[in-house]
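Subject: Structure handover

Hi,

Here is the structure I promised to pass on. My notes follow it.

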Amino acid sequence: PQVIQLSDYQAPSYWVDETSLCVQIFDEYTDVQARLKMRANSDRPTGSPIVLQGVDLTLQALSIDGVAVANYEVQGEDLIIPAPAATTFEVQSRVRIYPRTNTSLEGLYVSGGMYCTQCEAEGFRKITYYPDRPDVLSVFTTRIEAPKSFKTLLSNGNPVASGELDADRHMAEWHDPFPKPSYLFALVAGDLVDVRDTFVTCTGRTIDLRIYVEPHNRHKTAFALSSLKKSMTWDETVYGREYDLDIFMIVAVDHFNMGAMENKGLNIFNSACVLADPETTTDDGFERIEAIVAHEYFHNWSGNRVTCRDWFQLSLKEGFTVFRDAEFTADTHARAVKRMDDVTLLRTSQFAEDAGPMAHPVRPSSYIEINNFYTLTVYEKGAEVVRMLHSLLGADRFRQATDLYFDRFDGQAVTTDDFVTCMADVSGLDLTQFKRWYDQAGTPRLKVEGHYNAAQQTFSLMFEQFCPATPGQPEKLPFHMPVKLGLMGKHSGAELMFSTDHPGYDATLQTFSLRKANDTLVLRGVTEDAVPSLLRDFSAPVVLSYPYTVEDLRHLVRHDSNAFNRWDAMQTLATRVLLSAVRGAAEADGLKTVLTDAVRDVLVDDTLDHAVKARLLRLPSQAYLAEQYTPVDPVALDKVHTDIRRDLGQSLAAEWQVLYGQTQPEAAYVFEHQQVARRALHRVALSYLIAGDHTAWHLAAELYQQADNMTDQSAALQLWGEVANEAWDEAMNGFYQRWQDDAQMAEQWLSIRATVPRIRVPEIRRLTEHPGFSWTNPNRVRSVIGGFAMRNPVAFHADQGAGYRFLADAIIQLNSLNPQIAARLCTPFTYWRRYTPEIQDAMQTELQRIVAVEALSKDVYEVVSKSLV
Ligand code: HT7
Ligand code: ZN
């Protein structure tokens, strides 16, 4: 397959000023007529052929300005038409497509009887021939004709016409005045109900808000609607961004490859990421839905009004928008807690990506299939890069820079360089070196050492940075990284004052700008020896090492004035203990005692916020630990993890019991911080009680039976599931009977089953034959196959590779149905080199089996072939 290179980028030869579509939906097929008002790009050589993309289209007619075109050529996905004489002209085409058999869920497809589209990144070419690239912006008018049974006919922009065509068919026409690339096009036709509200913008305009769902989901729309209004207010207040169209619509669909899509004025959501009610949605679910609604809404400016020049710039919209949604959640709930959760994800999964064969910079320089680059690196690390700009500029100058960015580039398709230039223009900072964060892959290592000189009252910090090699990038240059820091007095436990004459230290932001590979920061006026608190709030996405003693770490857990770093010190301490046990190190037993004492301290500390306390008490996950050493033996790692959880459960049994009792519900379920935090802590206590004594499963059973909410019920089922017993099977059967008709609950049920540690391949195969499972529904696939292969390490790695064979079979099956999903499921195999030799062999065998499949999609080919290099 062809490799697309950033260095090959060329501006388009033609613009499309206006696009008119007529989409005629019939039972077996859909006809799409397109009229494209095109104009030669005067910056490009004249006489270039017109190149339009199309995939799986049956071309029925093609003309330019009414004259049929016969001398076109088809090369792969390109339809090439010789240059017309005129510089402006209209290309007219008619194609036939088959949405009912489109299982890739790209382009126009049918989900549960509803027609809907997914065009990002390159799905529009499955609808009509078009210059399907993000730098071609066009004003769209869309006419939809369909049987009347599809009562709702939607597209982007504002509705301009609707009416009857004949006794059976009707039409609707939509016009979107904002020029947009084809990836933001959307169309929906279904038998839907809408729930409505309004929002009055900061300039007094009233916006019509609608959520369209299938009738049986009407009761699950209120939360998303209120999240949407919160997001609209937040974007006005924090970024000065007002909504622009008169109507904003959200549609929920069951078959969807990702979480949601920000199509202009018509966001399409995976049902699981928008539908919610207290009876069926967990606390995490509510928080996720709120964040995704916000994320898609924020794209209206960061992505839609200002879009990407090419797909290498994807992080321009995704990194920035993830940063925006994270700040929204931090402002709405608990800032430090949000940071802990985001950093956990980054360290567990993005760092793994950075260390694996698919490692790529935030702005990749090449790809085979762009769908493979909707990654944690582009999204989450991209957001960290924007966060670092925020840290370097400070909130006020950052806001001035984003104002400049939206103003300067409104209605344009731009690059990450353009974004950084706005930051530099406003701040006067030289960000040339900073841009390496966009171009160099890999997680930098930051090694720091400290030295206190009592006579001179100085504390010196010696910094050294280094970034490991990644595919295609053997050598790295130093990064410009903001290191937020403080000193905690070793004796007083207080935050110490200091001064410094180092030009890289910004006292207002309490941040040191490290630019060199090696540098020393001398802090003066330090009245006592100190434990440095480094990289506060995780101010740069790096792996930090400092020769902390376990006493230093405990000191930070107790005293650090930065809540995030208190938690981080506890994570470092727990990681050290777990890894020493994995290595079978001599000091392991002693360290376990230290951990028990540290956990006890936290357990009995009544001053801590419950959400923070829950996170301080949770051990680092096995996935995170597996990132810290090689070769990994997942079964041995699970044993160590289980043993230490059991030891903590037993030695602190009385304390866990007290905590469990103290965190019993006091009021009926509401999704609000205090309650969410209390439930999180209740769960942690329960998990240790069961880890320490399996007979405590009856507490989980009671919680399951008595809880008035899904957060407690599903947690109880999961914890209870760790202990094999018949009562659990009965409870699970009852759960399915009760909820099988609710899509989100059926997915939840499949996921709980697939992640029970004792499940093995024969049972998982049976689960794929269960009526609740479907190979063509990505949510069901994610619940079962994803649950087993990505969230159940003991089961996946059990039985000499049986799990790997099962996963490879699933990938091969999905390769022809839905390549995007198939490629994502390859992720566990990409880390094969981290494991013990037997596992490496077994996984490699499966990768070879997959790569040998005939008609392998580009998506799967790219991941598997890069993994085998
Ligand atoms: N911008 C969207 C990314 C996306 C997508 C969404 C749904 C289905 C397929 C997709 N391919 C790419 C989602 C977002 O980041 O907001
Ligand atoms: Zn996004």
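Start with L825. Setting aside neighbours within four places in sequence, L825 contacts I785, G786, A789, L807, A810, I811 and L814. Keep in mind that this is a predicted model.

L825 also matters for the core count. The largest nonpolar core has 252 residues, and L825, V251, I811 and V860 touch the most other members. In soluble globular proteins, nonpolar side chains tend to be buried together.

Now the ligand site. Ligand 1 has 14 residues around it. Q118, E120, N257, M258 and M261 come nearest. Strand 20 (260–261) and helix 2 (283–298) each give at least two residues to the shell. By class, the shell holds six nonpolar, four polar and four charged residues.

One annotation to note. An unreviewed UniProt entry lists residues 21–184 as "domain: Aminopeptidase N-like N-terminal". In the model, that span is 54% strand and 0% helix. Its end C-alpha atoms are 14 Å apart.

Overall fold, in brief:

- The protein chain has 28 helices and 33 strands.
- Buried residues are 50% of the 869 in the chain.
- Of the contacts with a separation of 6 or more, 70% join residues 24 or more positions apart.
- The C-alpha atoms fill a box of roughly 85 × 70 × 60 Å along the principal axes.
- The radius of gyration is 28 Å; a compact globule of 869 residues would have one near 29 Å, so the two agree.

Best wishes

Note on methods: Residues numbered from 1 in each chain as written. Chains lettered and ligands numbered in written order. Predicted model: local features only at pLDDT ≥ 70, side-chain atom pairs only at ≥ 80, totals over all residues. Near = placed C-beta within 6 Å. Helix = DSSP H or I, 4+ residues; strand = E, 2+ residues; numbered from the N terminus. Nonpolar A, V, L, I, M, F, W, Y, C, P; charged D, E, K, R; others polar. UniProt positions renumbered as here; feature names shortened; annotations may be inferred. Core = buried A, V, L, I, M, F, W, Y, C linked by C-beta atoms within 7 Å. Buried ≥ 20, exposed ≤ 12 C-beta atoms within 10 Å, placed from the backbone. Contact = placed C-beta atoms within 7 Å. Rg over C-alpha atoms; globule rule 2.2 N^0.38 Å.
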